[in-house]
Amino acid sequence: MSTPAESSNLMEALVSLAKRRGFIYQSSEIYGGLNGFFDYGPLGVELKRNIRDAWWRDMVHRRDDIVGLETSIIMHPKVWEASGHVAGFTDPLVDCSETKLRYRADQLYYSKFSDHDGNTLGYLVVQEAAHDELLKALDKRIQYLIFKILDREQSGGVHSELKEFTEVKPDELPLCLGPDAKKLGTLTQPRAFNMMFETNVGALKDSSSVAYLRPETAQGMFVDFRNVIDTTRVKLPFGLAQIGKSFRNEITPRNFIFRSREFEQMEMEYFIHPDADWLACHEEWLKWCQDWLKSIGLPESHLSLHEHPKEKLAFYSRRTVDIMFRYPFGVQELWGIAARSDYDLKQHQQFSGVPQTYFDEATKAKVVPHVIEPAVGVDRIFLAVLAAGYAVEDVKDEKGNVEQRTVLRLSPRIAPVKVAVLPLLKNKEQLTTRAKALYAKLKQRYAVQYDDGGAIGKRYRRQDEAGTPWCVTIDFETIEKPGDTFTLRERDSMQQRRITEAELFQLLGEQVY
């Protein structure tokens, strides 16, 4: 029976698997690591590359209306003034004077706790988590308040509904019990914290040399808008796509690679005529993104939509809808699709003095296009496919004994290794010679592994854990019987069948696209 672990247990299992199988390592681990930064190991870098390549093929190569860009990580600082990042790219920061920990106020929730007479005893503050985990954390804080701080012998009281800590009032702070605090009143009032990483360009280190590591890839595409329309034959509507690193000095990096300080984005800016039906275009891209996620193996049951309420939209946004994914730590944003109007191009036109217009042949007029922006993080997709594909199952070994296997059900499109070639025995030259010949031919086109270490059952388990869709075993039937067939073992069903080399290449051609 398949038993995908839940909540914190699943998250712990994924982190363990990621390290054990060479998907993800903590950056600078031998020095104790650096919070919010990660390295991708041999299997991880292949999975990540496959996600990027699949997106690029479908977004750029298989469409006629989108071209690619690669812009620099460090740009002129006025880019970020124009975009509003210098003045407004902030998160609400909260400090705890007791523990010296820092929190994002919009990731904290608090609840008033009162006795049965209505007297306020304190405000319990907990960190954002899945609903059940949030309530457990709240109950623990209540117990700590009653028995440790108030020194009462019996519990009892009522708590209010949880609210975002951004709504906390100054007169409530002295009675707030922080998520990790042992005393009341240790949290500060939320204050703005700019998340851009600052650096200096050139030999001097002064205000004139200040620059920033980009916090998003989008602005590079807006800045190059004129270059693209002047040097190519693009016509509205058209898109600019980019994959690249971005950097945000997150107050509290958390949930493994979900929220980190260095991450990779896949963004596309789709430029449309100001008079075009922007809502229909937005809906089309929303559907495209959902379909693409399903094409790489994310189950529809894990996906949902969240429409940003009008009162919470950025002032320039007409509409923003997030595709949400059910992660082990709760339902969180995976892919945002925003209708950004013409704000960005007009801002850069104003700050640079260079027109950001498009000449419309039909009306013989210059217009500033509007933009639909689907933006997604590679790392978040990476974590999503791990979470959706991970399972622990009870299976029978060759002798009929029940054992557990860990399996990653990754789509063949993105699996790090497409096929593992396994000689049945490593000390039989006829078997290894044929296996190495097939391996050499396969690796000209696909990422494959040659594995001859240990019993065949253990090798299957290793490949299951790595997410390899198929194993090909070169056995005695291969060399003794006509037809030159191999045993093909399918990862998910564990079913086995005979297959020829030509049929194997046909299977891969159909499934790995």
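Predicted model: local features only at pLDDT ≥ 70, side-chain atom pairs only at ≥ 80, totals over all residues.
Val201 belongs to the loop that runs between strand S12 (198-200) and strand S13 (210-212). The points below turn to a pair of helices and then to the backbone in two further loops.

**Packing of H2 and H10**

- Two packed helices are described by the angle between their axes and the distance between the axes.
- For helix H2 (residues 42-61) and helix H10 (residues 378-389), the axes come within 10 Å of each other and cross at roughly 110°.
- Because angles of 65 to 115 degrees count as roughly perpendicular, H2 is described as roughly perpendicular to H10.
- The crossing in which H2 passes H10 is right-handed.
- On the H2 side, the contact is made by Gly44, Leu47, Lys48, Ile51 and Arg52, while H10 contributes Val378, Asp379, Ile381, Phe382, Val385 and Leu386.

**Backbone geometry in loops**

- Leu236 and Pro237 are joined by a cis peptide bond, for which omega is about -5°, and Pro237 lies in the loop between helix H7 (225-231) and strand S14 (238-247).
- Lys100, a residue other than glycine, has a positive phi value, near 65°, and Lys100 is located in the loop that lies between strand S4 (90-95) and strand S5 (102-104).

Notes
Residues numbered from 1 in each chain as written. Heavy atoms only, no water. Helix = DSSP H or I, 4+ residues; strand = E, 2+ residues; numbered from the N terminus. Axes fitted to C-alpha atoms, helices over the stretch in contact; angles between N-to-C directions. Parallel < 35°, antiparallel > 145°, perpendicular 65-115°, else oblique. Left-handed = near helix turned anticlockwise from the far one by under 90°. Contact = heavy atoms within 4.5 Å.
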